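This report looks at aromatic ring pairs and the residues around them. View the model first, then read on.

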Amino acid sequence: MNVHHLELFYYVATHGGVSAAARQMPYGIQQPAISAQILQLEDVLGVTLYQRRPFQLTREGQRVYEAAKEMLHTYEKLLSELQ
């Protein structure tokens, strides 16, 4: 599993879709690249993380979202403490 894929999924889940996530990312990445990487994450995990239309997290997607949120929060806290 790629940590970057989890970060992208977190943004997609937080902002309610790939288009909104692409607009909110702190670095430049296009919508097709986000979609492709989310599909790779789903392939690695063997589950569908969200319904595309209308956007809604699956049960597995909600679990991954909570784990990604905790991981990213811990990472940001560590960076803050170290700087």
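## An aromatic cluster

Phe9, Tyr50 and Phe55 are linked into a cluster by ring pairs. Rings of Phe, Tyr and Trp (its six-membered ring) pair if their centres lie within 6.5 Å; planes under 30 degrees apart are stacked, over 60 edge-to-face, and the rest tilted. By this rule there are four aromatic pairs. Phe9 and Tyr50 are stacked because their ring centres are 6.4 Å apart and their planes lie at 20°. This pair joins distant parts of the chain, 41 residues apart: Phe9 is in helix 1 (residues 3-15) and Tyr50 in strand 1 (residues 50-51). Helices (H or I, at least four residues) and strands (E, at least two) are DSSP runs, numbered from the N terminus.

Tyr50 also pairs with Phe55. That pair is tilted, at 4.9 Å centre to centre and 40° between the planes.

## How the model is read

This is a predicted model: local features need pLDDT of at least 70, side-chain atom pairs count only at pLDDT 80 or more, and totals for chains, interfaces and linings use all residues. Residues are numbered from 1 along each chain as its sequence is written, and side-chain values use heavy atoms, with hydrogens and water left out.

## Burial and core

Buried means under 20% relative accessible area, exposed over 50%, and partly exposed in between (1.4 Å probe, protein chains only). Phe9 and Tyr50 are both buried. Tyr50 has a relative accessible area of 4%. Phe55 is partly exposed, at 25%.

The largest nonpolar core has 18 residues. Such a core is a set of buried Ala, Val, Leu, Ile, Met, Phe, Trp, Tyr and Cys residues joined through side-chain atoms within 4.5 Å. Phe9, Val12, Ile34, Ile38 and Tyr50 have the most contacts inside the largest core. Helix 1 gives the most to this core, with six residues.

Contact means heavy atoms within 4.5 Å. Leaving out residues up to four places away in sequence, Phe9 touches Ile38, Leu41, Leu49, Tyr50, Leu57, Gly61, Val64 and Tyr65.

His5 also lies in helix 1. His5 is buried, with a relative accessible area of 9%. Beyond its neighbours within four places in sequence, His5 contacts Gln37, Ile38, Gln40 and Leu41.
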